[in-house]
Protein chains: 2
Amino acid sequence: MPQSWYFSSLLAEIAAKSDSEIETIALDVILLTISLIFLVSKIGAEICVKLKLPAVLGELIAGVIIGVSGAHLLVFGIGDAADIPNLWQDFLHNIYGLNQSDALRVFDFNEQVVSLLSDIGVIVLLFEVGLESNLVELLSVGPQALIVATVGVIVPFTLGTLGLIYGFSIPLIPAVFAGAALTATSIGITAKVLGDMGQLKTTEGQIIIGAAVVDDIFGIVILAVVASLIKTGQVRFDSIIYLILIAVVFLVGAIVVGRIFTRFIVAIVDRMQTRGQLLIPALIFAFLLAYIAHRVGLETIIGSFAAGLVLAETDKGEQLRQLVAPVVDLIVPIFFVCVGAKTDLGALNFSDREGLILAIFLVLVAIIGKLATSVSLWNTSLNKLAVGVGMIPRGEVGLVFASIGSATDLVPDSIIAAIIMMIITTTFITPSWLRLVLKKSEQEQLT
Amino acid sequence: MPQSWYFSSLLAEIAAKSDSEIETIALDVILLTISLIFLVSKIGAEICVKLKLPAVLGELIAGVIIGVSGAHLLVFGIGDAADIPNLWQDFLHNIYGLNQSDALRVFDFNEQVVSLLSDIGVIVLLFEVGLESNLVELLSVGPQALIVATVGVIVPFTLGTLGLIYGFSIPLIPAVFAGAALTATSIGITAKVLGDMGQLKTTEGQIIIGAAVVDDIFGIVILAVVASLIKTGQVRFDSIIYLILIAVVFLVGAIVVGRIFTRFIVAIVDRMQTRGQLLIPALIFAFLLAYIAHRVGLETIIGSFAAGLVLAETDKGEQLRQLVAPVVDLIVPIFFVCVGAKTDLGALNFSDREGLILAIFLVLVAIIGKLATSVSLWNTSLNKLAVGVGMIPRGEVGLVFASIGSATDLVPDSIIAAIIMMIITTTFITPSWLRLVLKKSEQEQLT
């Protein structure tokens, strides 16, 4: 539908700014936004690679530069027309003649769509990680992954909680809260670095991925416990058991039923004749498992990972990896740029020196707590440090803690700021550190 | 972020239904909606192919079945919570505990996102058509394409307008209006059928594509003329000249500047080292050209088509075609299913027999008007009928006429209904007819 600046003036005389006009403008705006995200992510990634840094770090920094801490071109969660960044306000007003309220509608919708594409991006990323994983290898490293996940949850939680109580005189509940926020690893960044370096299928890679899945489940259980603790002052053991049970049932179910189901899919695919015959059924499977995982209380990415894992086992695995690659290339940068864009460095405005020390303490515990997992590995030929470093990034679950905390009076602002600083630091240091540790081990093997 | 039925009840006690909760639910809903679209499009396509019908017809019918004329699973333009289809209402209420107004937010957002993905779908489709076209061939058939486009605009416009005035005693302005709605070909369906049959690169294929591009420009000019006629009662020749000029400048500019720019892109791509090094710059180029086309008053698809056309000329053309294919496989079905879903058979509720006769008249003129283009071709070895049939589908531009018409008192409802019937009929008959005509010519060549 044509809708130029010349043309819209004509139409505007016939009817007032209609929903369909807003939708047409929204299409323009999303085309520009996606182009911008593509452009900065590619520039960021290429510069980092030239500097021997991981590509994903470039995408994150590109996001910071255009995001809430930078140029304000990609900002999320604007509630009011007055809050729309000036550049956008001017653009929507001068180019499209939108008033404040219509500008808010377009801006809001655009950010929501980008956010959604980013969510789908990480679902597709973990689907690819599943496709590049090996179920047999993953199960064989299962016990080690379980230990890594357990140690990586207990150590930062204990160190964090006790340190805050005895070192900073923080009361029990906010201390437990902050300790809990230190537990869950965010797998996206580590998976991307491992994938880019072709190390997903190594034993270390599979331990990290396996541990991250288990750790995600622990994170959700802890979140439920802490939420219940804050709300009612007590812990409901029935709900803990229920959550663990449902996670185990989902994972085992997805793999057992999935293996039968994928055979069925593959058999149908062979008889299909239209375009997308393999990719579309595979993505239906991934999206539905992501949906189910989400519904039973897990993260979507566990579902799409499981889908990739069982599809990798079929004889279509290799073909599917090739088909998914261009889709990943397009949608995953949106995720990483959004992570960067949402990084609010302004939240790190520590009011006092004690607040800063508290934040540094949490960052150190976050790092040491996961490095401790290295010690727990018994296989001496492994690159243990890589496993520990790979588990360091914290993300969404930590942010959920921060947002629940902000909504209550029980958790002081200094703790919220410290949690955010912990997430930012662990997110941004991991790519380079992990790459360094993996490179070193490659060189040692060569010499 | 985890948000199960168990879990959300806990969070709900801490804070009221927040924006982030709505966003989480929106993610669930979009995962289900996309899975549903994928599923029905694949089932529809496969059934049609088994029945020796074109795949795209199956996707359109699948859309009708789940759309506004069918199961109401994919409905667009709901203004009020009370209008949300029952299935959705129940689903959002029972599963997510949403009240009416939150349900409307989620439902509305979901439909807008799907609509947007559908718009991006047709942009990507025409990008692929451009990639599979040949600029030299297209320019060599230029004169013939120009004739086809001109005849295909003049004949239906004249037949339609005069027929309505003298046969149905319709006044001049609504008659001109209906005549104008008959002019612009919608290229998506024909391009898909040609592509699926590997006939995009034939002379006939290139004539159709070239004619559709020119015809699109004519359509926009006519739309401007008629809109101005309805509004002011007179035709502004300066704006006609302006629109034609801008279209020519855009097309020539996109190709000339594009050819230089793509050389630059290709040179950079060769030095890039990160994933998506070819696909992402290519899509930035396509999206930006689509945006510019839209801004200067043309359709987005002309921009992405031009981008594909110049990129096809580079030595990365073949590689790019392979990378774009899986993306097309995923996003294009969303477009065709949406076209089907938006098809409102209820609008065909003709109140009187005369209304039905009027509609049948418009359908016949729409078909005959484009078949007349066959006669205008001078190259006797061509499959002329295929060119004529390929130009038959009408779409978006016709719908714009219908929506402008509904907003004025000048155009009677019977004409609006007839225009909608004309669009539906031409959309649904073309795939099979075109396939038949092309198959026949293949068989004749073989014998």
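**Interface**

I began with the two chains: 86 residues of chain A are in contact with 86 residues of chain B (contact means heavy atoms within 4.5 Å). The model is predicted; local features need pLDDT of at least 70, side-chain atom pairs count only at pLDDT 80 or more, and totals for chains, interfaces and linings use all residues. Residues are numbered from 1 along each chain as its sequence is written, chains are lettered from A and ligands numbered from 1 in the order in which they are written, and side-chain values use heavy atoms, with hydrogens and water left out.

I looked up the area next. Chain A and chain B bury about 8,100 Å² between them, 72% of it on carbon and sulfur atoms. Buried area is the accessible area (1.4 Å probe) that two parts lose on being put together, summed over both. R275(A), H294(A) and R295(A) supply 9% of the area that chain A buries against chain B, more than any other three residues. The predictor gives the complex an ipTM of 0.89 and a pTM of 0.89.

**Confidence**

I checked pLDDT, the predictor's confidence in each residue, from 0 to 100. Chain A averages 87, and 96% of the residues score at least 70. Within chain A, helix α1 (residues 5-14) has the lowest mean, 40, and helix α12 (residues 279-295) the highest, 95. Helices here are DSSP runs (H or I, at least four residues), numbered from the N terminus. Over residues 1-16 of chain A, pLDDT stays under 50. Where pLDDT is low, the predicted coordinates should not be read in detail.

**α9 and α10, chain A**

I took helix α9 (residues 187-196) and helix α10 (residues 203-232) of chain A. They pack at an angle of about 165 degrees, with their axes 11 Å apart. Axes are lines fitted to C-alpha atoms over the stretch in contact, and angles run from 0 to 180 degrees between N-to-C directions. α9(A) is therefore roughly antiparallel to α10(A) (angles over 145 degrees). I187(A), T190(A), A191(A) and L194(A) of α9(A) meet G205(A), I208(A), I209(A) and A212(A) of α10(A). By class, this contact has 6 nonpolar, 2 polar and no charged residues. Ala, Val, Leu, Ile, Met, Phe, Trp, Tyr, Cys and Pro count as nonpolar, Asp, Glu, Lys and Arg as charged, and the others, Gly among them, as polar.

Technical notes. Helices (H or I, at least four residues) and strands (E, at least two) are DSSP runs, numbered from the N terminus. Angles under 35 degrees count as roughly parallel, over 145 as roughly antiparallel, 65 to 115 as roughly perpendicular and the rest as oblique.
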